Amino acid sequence: MRALVIDDSRAMRRIVGSILKDFGFEVREAGDGQQALDALQEGKAEGWVPDLCCIDWNMPVMDGLQFVVAVRANPELRQVTLMMVTTESETGQIVKALAAGAHEYLIKPFTADALRDKLALLGLLPEEVSA
Amino acid sequence: MTLQEAPPITALLDPETVQSIADEIWPTLVGDGEAFVPVPVAPPAEVVSAWVTISGPWNGAVVLTCAPATAGALAESVLMTRPPTVVDDEDVADALGELANVLGGNIKSVLPGPSSLGLPQIGSAPTTGRLDDVCRVNGQWRGQSLTITVQGATQALHPSGTEVPQ
Amino acid sequence: MTLTATSFDWVRQLVHRESAIVLQPGKEYLVEARLLPMAQQRGMSGVSELVESVRNRPDPATTRRIVEALTTNETSWFRDGDPFTALTSTVLPQLLAARRPDERLQIWSAACSSGQEAYTIAMLLADALPNAPTRVSITATDLSQQMVERTRAGRFSQLEVNRGLPATMLVRHFTRSGNEWEIAPALRRMITASECNLAAPLPRMGPFDVVYLRNVLIYFDLPTKQAILTRVRQLMRPDGWLFLGAAETTLGVDENWERVVLGRGSAYRPRKGA
């Protein structure tokens with residue numbers, strides 16, 4: 001499994017990334033939506049397509065919602081699962097992100113167990129850790 | 001609900017709400033078993049602040065303030081660094097900023113929306129202008145002083161000129 | 001005001017005895033943070049005063065609350081998703097076909113904790129059946145009065161809704177209330193919550209079409225497990241369904257059940273003629 005962790009906080013990238021690595025993910029990072037689109041482009045050239053993107057909402061240059069819209073507009077990335085991982089937690093915003101094409105939404109702060117539960121919901125956990 | 005009946009901001013946001021949000025953030029983001037304890041200790045001589053702004057029906061900022069050494073220890077705890085690894089200034093700004101960001105996002109959600117959150121900033125004090133303290137919790141973490149402040153106009157839910165019921 | 005070493009030690013031993021959970025030295029902050037609200041509620045100056053008062057005048061209710069405050073871990077909504085997938089894909093269609101339209105389906109969440117299981121069932125049924133609030137009733141019981149009250153309230157913290165509740169269900173069935181999330185009133189009305197000790201004779205309830213009795217039996221010895229399974233069976237319809245935890249089974253415990261494989265998991269049904 002491959003994941004792209006998109007957050008302008010490197011502390012948060014490290015936290016999310018290390019939990020995902022524990023579940024066997026190969027993790028790449030990006031600091032904003034534009035960097036993430038670039039990383040997807042570069043990855044494509046070498047055959048690296050993520051199974052999952054964990055996406056912060058508020059970031060410089062391109063925010064997480066714009067990134068979701070951009071990914072959803074690209075048919076080549078249809079199989080990529082998009083999960084918002086953000087402190088934004090107004091109901092209206094969750095609805096907006098889901099309508100734009102995000103599959104799940106994890107609110108900060110969260111525990112490693114909460115991230116694992118979301119991966120289980122998304123069918124992205126290897127069998128041996130899903131029990 | 002008419003504008004006149006809109007609740008003052010202090011009815012939506014009190015120290016207990018801020019504390020309940022901190023109670024969720026410390027054990028998850030700072031570390032297992034960590035806590036923001038709402039018991040004040042002597043404030044430090046030198047302070048550093050991280051804050052995020054909230055813009056929408058209500059405008060203000062959520063500010064986290066502590067001594068530089070406490071900020072460093074917070075960053076180490078958030079990043080789970082162990083000696084000999086050390087955190088640099090950028091790590092400290094990043095981790096403190098992320099704490100302010102998570103506090104701000106959760107505080108924003110108890111306020112009337114929709115509103116947006118600014119990117120975290122760090123410095124000696126917020127540059128959002130002269131704002132009143134809506135809510136301030138003086139507390140401690142590992143015995144060191146730490147303050148969470150929500151700043152903004154207390155009557156901003158009402159259009160200017162509207163009388164606020166007491 | 002800080003927690004004394006004696007108080008911390010007493011709390012450590014209590015929690016270990018009651019829950020097998022080990023509080024490592026250095027977790028004084030955790031004890032302080034979790035118990036301070038209780039101390040303040042009682043008008044005490046700090047956690048040490050709370051601990052001293054319970055040590056001097058034993059009080060089972062307060063002791064239980066101390067253990068709960070220190071051991072409560074958020075429960076997942078779709079904890080081991082299989083019993084819920086099975087409910088909508090197999091169990092519900094069969095029950096609807098077997099019952100009259102005016103017969104209310106009765107479901108029991110037998111160790112409801114803070115209510116996640118009961119509300120998960122309510123949400124699934126509300127999404128699957130337009131008339132769920134009148135067609136189904138859910139009984140939620142727990143040993144702890146505090147948990148029963150929490151289930152009745154239907155309010156959950158941010159951390160709790162983060163635990164395996166699909167975002168689509170969160171926005172469809174909950175509204176924000178301060179820093180918490182509140183379940184829709186129509187779903188809350190589907191649930192009747194009460195205290196119930198599974199290890200003692202059960203009150204008159206049911207008969208149930210479906211029982212969720214998950215991760216409870218593991219805490220009891222064999223004779224108690226057998227007694228609980230017998231009492232539960234007596235409250236079930238003959239064609240009812242029982243769901244146990246992923247690590248639990250009736251096999252080798254009570255032979256009056258038939259195991260049925262449902263998807264990746266399994267359910268148990270009262271054996272005919274038992």
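For counting charges, Lys and Arg are taken as positive and Asp and Glu as negative, with His and the chain ends left out. The place of each charge is put at NZ of Lys, CZ of Arg, CG of Asp or CD of Glu. On that basis, chain C carries 33 positive and 28 negative side chains, and the centres of the two sets sit 4 Å apart.

A word on the model itself: it is predicted, so to speak of a local feature takes a pLDDT of at least 70 and side-chain atom pairs count only at pLDDT 80 or more, while totals for chains, interfaces and linings use all residues. Residues are numbered from 1 along each chain as its sequence is written, chains are lettered from A and ligands numbered from 1 in the order in which they are written, and side-chain values use heavy atoms, leaving out hydrogens and water.

Back to chain C, which has 12 helices and 10 strands (DSSP runs numbered from the N terminus: H or I of at least four residues for helices, E of at least two for strands). Its radius of gyration is 20 Å, close to the 19 Å from the globule rule for 274 residues, so chain C is as compact as a globular protein of that length. That radius is taken over C-alpha atoms, and the rule is 2.2 Å times the number of residues to the power 0.38.

Now for the neighbours. In all, 17 residues of chain B are in contact with 12 residues of chain C, where contact means heavy atoms within 4.5 Å. The two chains bury about 1,300 Å² between them, with 61% of it on carbon and sulfur atoms. Buried area here is the accessible area (1.4 Å probe) that two parts lose on being put together, summed over both. On the chain B side, Glu24(B), Gly33(B) and Val37(B) lose the most area to chain C, together 35% of what that side buries.

Chain A and chain B bury about 1,800 Å² between them, 52% of it on carbon and sulfur atoms. Arg10(A), Glu90(A) and Pro109(A) supply 32% of the area chain A buries there, more than any other three residues.

Finally, helix H5 of chain A (residues 112–121) has buried residues including Ala114(A), Leu115(A) and Leu119(A). Their cover includes helix H1 of chain A and helix H10 (167–173) of chain C.

Notes: Buried means under 20% relative accessible area, exposed over 50%, partly exposed in between (1.4 Å probe, protein chains only).
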